[in-house]
Amino acid sequence: MKQCDGNQIAIDQLYRNELPESEQQQLVRHLDECRLCEEYFDLLGRLSSEDLFPEPEPSDLLQMRRAVVRRIRNETPATRSGWLTDLFAARHAFAVGILAVVSAVLLVALGTVIGQPRTERRADPVHEEDERVIGRQIELASMRHRDLSDVESSPWRFANVQLLDQQGDRVRVSFEVTRHLEMELQKGSPLLADVLVQSVLDPSSIGGQLQAISHAGELSDPRVREALIRAMLGDSNLAVRLEAQSKLVRHENHPEVRDALLSVLQEEENVQMRLVAIDHLTRHRIDPALLERAVEAGESEGRNALYVRARSYITEF
Amino acid sequence: MKSDDDLVRDVIEGNLEAFDELMKRYERLVYKVAYSFGGSREDALDITQSVFLKAFRSLSSFRSDANLKTWLMRITYNEGVNWVRKSGRTSDRHEPLDENIASDTNQEEELFAREKEQLLEQALRKLNERYRLALVLRYQQGLGIAEIASVLRCSEGVAKSMLFRGVRSLRQAIGT
């Protein structure tokens, strides 16, 4: 039994109390008689239920906001927490010395979390070994620190620190560690792929994204291809989407690229991107019925131009 | 009460209290959408935190003629997708049902209702990410079609199509 044609929109409007009163009674009577439409209405109710996605606890949100502000302060020298600058301004030499000693003790007693939220620590022997190696490097670096300026100028930056007293003289410390690196890598290096993937998908720097995309186009790594697809379909900046598409259409008719370009036809507003999609898909002999359906499902603006571009290919079949 | 634009200007000038105020305005909305990706309180909070950090770092690129809510929703979508890929989890958050079923009718009904809810949640999490976002924005947050289209950067017609395709996929998945 098929869903009654045309009722989906009316049922959605009825649910949201947007249906004109003159049509409401008729639809409500229909819901009493039609099981499928009644189930559709019921499903909309379940999608709206608070039990589906529970309300956050105010205390959780407060902690979240505090954590965000704390991280911002740690990353921005001008907004660094007042207690540290107050100590320095007071010029209490013994307080500065105590600070250096406390830093060293904390670093020696720690477990290191590299760039992962505290709820996501994995019980993975490879990751645990990585953490031990990096933890040891940080400890060695801290042992060389003699005064506050050594700690402040350390290339290792710590953020999002959480402390928990343990028995005896120990403290459990969890925090994030970052360090700026400069390296020369082979084009096939997995690390290069990782760096490019994160950069392609990082919306905080459009220039960085475009630069990463221009390099990413030269790699055949599947993760890089997936990142380019996501940028092409999901980035808010048109230049980024265009650039990602220009790199993807160089891939030899990969099924994921083909499906992504069909999505461009269905979901992208920009006409140029849709024309590029048609050119690639027709060059690689896509089923013309699929092509026609995708064009038809997309934005009506510019559709004539798309049909003109695709016409000879569609009629050839 | 200050407008979003005024608060954004204050934040760019270095006022963290203004950013705290912005977070208070949109944290529930971001959390609920984040929950649809993470599937648990802890994961939703992690994603929400990432969203606001990303928003703070990108605020200088936010255009004053744009809508802050839709801009935040786009960041939430991207962070949610990134989180799912990075965590390597499938979209199946699944709490085991209590197997000690009493013969009490109310308990049976409760269990059945919970099972139905879990089925829907699992089906929702398996949906195409854009369809899922469209459904969450529409039915959990009450956003209009125009707003949803703006978040998804598509026409209103395509946004409607995503909603109905999403509901259809859900119905097929849960067998109604």
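A disulfide is taken here to be a pair of cysteine sulfur atoms within 2.5 Å, and by this rule the count comes to 0 disulfides over all chains.

The structure is a predicted model, in which local features need pLDDT of at least 70 and side-chain atom pairs count only at pLDDT 80 or more, whereas totals for chains, interfaces and linings use all residues. Residues are numbered from 1 along each chain as its sequence is written, chains are lettered from A and ligands numbered from 1 in the order in which they are written, and side-chain values use heavy atoms, with hydrogens and water left out.

**The interface of chain A and chain B**

With contact defined as heavy atoms within 4.5 Å, the interface takes 57 residues from chain A and 60 residues from chain B. The buried area, which is the accessible area (1.4 Å probe) that two parts lose on being put together, summed over both, is about 5,600 Å² between chain A and chain B, and carbon and sulfur atoms give 55% of that area. Leu47(A), Phe53(A) and Glu267(A) together supply 13% of the area that chain A buries against chain B, more than any other three residues.

Two kinds of pairing across this interface were counted. A salt bridge requires a side-chain nitrogen of Lys or Arg within 4 Å of a carboxyl oxygen of Asp or Glu, and the rule finds 9 salt bridges between chain A and chain B. A polar contact is a pair of N or O atoms within 3.5 Å, where within protein one must be able to donate a hydrogen and the other to accept it, and where residues adjacent in sequence count only if both atoms are side-chain atoms; across the interface there are 18 residue pairs in polar contact, both residues being at pLDDT 80 or more.

For the secondary structure, helices (H or I, at least four residues) and strands (E, at least two) are DSSP runs, numbered from the N terminus. On the side of chain A that touches chain B, at least two residues each come from helix H1 (7-15), helix H3 (35-48), helix H4 (58-75), helix H11 (222-234) and helix H13 (255-267) of chain A. H4(A) gives the most to this side, with 11 residues. If Ala, Val, Leu, Ile, Met, Phe, Trp, Tyr, Cys and Pro count as nonpolar, Asp, Glu, Lys and Arg as charged, and the others, Gly among them, as polar, then the residues of the side of chain A that touches chain B divide into 21 nonpolar, 11 polar and 25 charged.

**Salt bridges**

Over all chains, the count comes to 29 salt bridges. Among them are the following pairs.

| Pair | N to O distance |
|---|---|
| Glu55(A) and Arg28(B) | 2.8 Å |
| Glu121(B) and Arg125(B) | 2.9 Å |
| Lys69(B) and Glu147(B) | 3.3 Å |
| Glu296(A) and Arg303(A) | 3.4 Å |

Lys69(B) in helix H4 (residues 68-87) and Glu147(B) in helix H7 (residues 145-152) of chain B are 78 residues apart, and their pair links distant parts of the chain. Lys69(B) counts as partly exposed at 23% relative accessibility, and Glu147(B) is partly exposed at 26%. Glu121(B) and Arg125(B), by contrast, both lie in helix H5 (residues 105-126) of chain B, 4 residues apart, about one turn of the helix. Glu121(B) is buried, with a relative accessible area of 5%, and Arg125(B) counts as buried at 4%. In chain A, Glu296(A) is partly exposed at 42% relative accessible area, while Arg303(A) counts as buried at 18%. A network of salt bridges also links Asp12(A), Arg16(A), Glu18(A) and Arg138(B).

Chain B has 8 helices and 0 strands, and 55% of its 176 residues count as buried. Among contacts in chain B between residues at least 6 apart in sequence, 59% join residues at least 24 apart.

In chain A, Leu27(A) lies in helix H2 (residues 21-33) and counts as buried at 7% relative accessibility. Leaving aside neighbours within four places in sequence, Leu27(A) is in contact with Ala10(A), Ile11(A), Leu14(A) and Leu19(A). The C-alpha atoms of Leu27(A) and Ile11(A) are separated by 7.7 Å, with the two residues 16 apart along the chain.

Conventions
Buried means under 20% relative accessible area, exposed over 50%, partly exposed in between (1.4 Å probe, protein chains only).
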